[in-house]
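Subject: Structure handover

Hi,

Here is the structure I promised to pass on. Please open it alongside this note. What I found follows below.

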Amino acid sequence: MKSKLAGNQDALAGLIFIALGAIGLLIALRYEFGSSTEMGPGYFPRVLSLLLVGFGGVILLRGLRSGVAVDGIWAWLPLALVTLSIILFGAAIERLGLVPAVALLIAVSAYAGHEFRPGEVAILTAVMAIFAAAVFVWGLSLPYPLFAWSF
Amino acid sequence: MEFLDNLALGFGVALSLQNLAYCFLGVLLGTLIGVLPGVGPLVTISMLLPITYGLSPVSSVIMLAGIYYGAQYGGSTTAILVNLPGETSSAVTCLDGYQMARKGRAGVALAIAALSSFVAGCIGTALIVGLGVPLAGWALRFGAEDYFALMLLGLVAASVLTHGDLMKALAMVVLGLLVGLVGTDVNSGAERYTFGLPELADGIGFTVLAVGIFAVSEVVSNLEQKERREIFTRNIGGLMPAWADIKASILPTLRGTAIGAFFGILPGTGPSISSFSAYMVEKRLARDPSRFGQGAIEGVASPEAANNAAAQTAFIPMLTLGIPGTATMALILGALVMNGVQPGPSVMTRSPELFWGVIASMFVGNAMLVALNLPLVGIWVRLLTIPYRWLFPAIILFCALGNYSLNNSAIDVYLCAAVGVLGYVFAKLKCPPAPLILGYVLGPMMEENVRRALLLSEGDLSIFVRSPISASLLVVSALLLVTMILPAIRRKKEQAYSEG
């Protein structure tokens, strides 16, 4: 049953909605509810969270009954690499500077593709680094150091 | 002749050197990026959103609008030459456009697409001029309860008409509304869902959400499969359509425009449904329907006109009521809000130069598109040969850099990565992202209006049915939902009966 659930499109979607709604509701319980006349900050979050759990429940039930499988394959590796490249960029731009951040992002994200050609990636990095510097640093005069080594 | 004065005012704004430049830049960037295979208007706009934040509200909307119809246009070039629609609204153009290309008539197909888009764009814009004032005048009489009902209708319509599963679309709307709550509550000053992070006190950034859910997740989705395309770069044929081609395209273009204009105004429908409907209508009307799918020129003219007309008239509810009908409009509305413009009917009276300037720029932009596209088609064709393995790291870079540059905050970049993961999972599970964005944009306004309405009525919920405007809007929303849910129930029942 478990392996079936893992590929069940609607059941998974329903579970995610229920989980998000439940988390939302748990947090919202700490906010003051108020009354219909004077709605507290908790009024809307609670109503919406409950709605989300409800919709999630309907979708989950329907999924368990129909069992439509997820289309195609999950691109877990590309997803992980692309996400990692963005996070590395964020971490690098303040500590290492713009150019290293660009290089890291391009190299790691390019690895998510089907073909990784080091020569091409090097050229792409150079072009994009110059482009980013031209647009953001020289064009929009944003205060990003091109290289900065501060740990 | 009030509207002439308005137009004069608008053209005065749109034809300023600065705004001409932004309009041109928008149209150029939009076409450029829209032509690139696998990059549609949503990705293009979300990716380029941060660039426009430094501009004045007028210039930024002019540029975004230019990017929008430029990308829309670029999508049809890709559809015709590569048989790969940049977005769903160009999918229909593939059917006959690509067949024309295979028969050596790519140039004619491109020219007809450009011309019919131009005609439709101009008529669509003229409709905004005509309908904008009365609609905004009507909406100015809205009370808080009417506003709430209108937004609810917008959200319901968007979920009902979104391609795919109604329940999931509704769940995404609610999730979007919840995400919109993150930040400081205006009424009480309480922080909601901020997890103690000061960066979240102003809410989750609009670009963070848009870029993550549209651009990042789209890139990952594209990486699932190996790219393979068949491109016609050599044998495009003459650009000049024969008189017979033009004659065959006139009526389809006008019909497509009418269909597109209608669907564009309806919230939640937008270009995809309109281009599909326009195609079906032409096929119905054709003397020889079997030509469709074999390179019929009507099959290019009509859907292209329809999606461009819809792209223009979609601005009507967005600009006059502050209700975005499509995800793209939600993006542009979000940009307006970021620029400090309170959307709604008062935009027209409070900042007429914004309203009319943007509209006038649409005429200008559409003309630029024709001028830009036909002579330069050779360049666009060469762009098509850029492999995706070069494109997507650049797209990701733009997403990250754009988000970072808004607040110089790495948190935004991390959040965007997280939204991207969620966006990809949702895409795999067939949960549509557009309703989420609509919910996010409309959420805060809805909450404010409900609060105001109930404060005025002293907590009496009947205020929503006592106002005739609100009551009728609520009835329409309910009807929409019921008509969508009922057939599903009936089908289930029939199934049950046949099984039992």
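A polar contact here is a pair of N or O atoms within 3.5 Å; within protein, one must be able to donate a hydrogen and the other to accept it. By that rule, 16 residue pairs are in polar contact across the interface of chain B and chain A, both residues at pLDDT 80 or more. Keep in mind that this is a predicted model.

The interface, from the chain B side:
- Helix 18 (388-407) of chain B is one of the elements that supply at least two residues each. Helix 18 gives the most, with 12 residues.
- Also on the list are helix 8 (166-181), strand 2 (191-192), helix 9 (206-222), helix 19 (410-428) and helix 20 (433-456).
- By class, this side has 39 nonpolar, 6 polar and 14 charged residues.

Now both chains together. In total, 59 residues of chain B contact 66 residues of chain A. The two chains bury about 5,800 Å² between them, and 77% of that is on carbon and sulfur atoms. There are 5 salt bridges between the chains. Arg389(B) and Glu120(A) meet in a salt bridge through their side chains, at 2.8 Å from N to O.

Next, the second largest pocket. The space in this pocket is about 1,300 Å³. It is lined by 50 residues, and Gly180(B), Val337(B), Val441(B), Pro444(B) and Met445(B) are the closest to its centre. Helix 20 of chain B gives the most to the lining, with 9 residues. By class, the lining has 23 nonpolar, 17 polar and 10 charged residues.

Best wishes

Note on methods:
Residues numbered from 1 in each chain as written. Chains lettered and ligands numbered in written order. Predicted model: local features only at pLDDT ≥ 70, side-chain atom pairs only at ≥ 80, totals over all residues. Heavy atoms only, no water. Contact = heavy atoms within 4.5 Å. Buried area = accessible area lost by both parts, 1.4 Å probe. Salt bridge = Lys/Arg side-chain N within 4 Å of Asp/Glu carboxyl O. Polar contact = N/O pair within 3.5 Å; in protein donor to acceptor, adjacent residues only side chain to side chain. Helix = DSSP H or I, 4+ residues; strand = E, 2+ residues; numbered from the N terminus. Nonpolar A, V, L, I, M, F, W, Y, C, P; charged D, E, K, R; others polar. 1 Å grid on protein atoms, 1.4 Å probe; cavity = no way out; pocket = protein on both sides within 12 Å on 5 of 7 lines; lining within 4 Å. Points joined across faces, edges and corners; volume = space filled by probe spheres on them.
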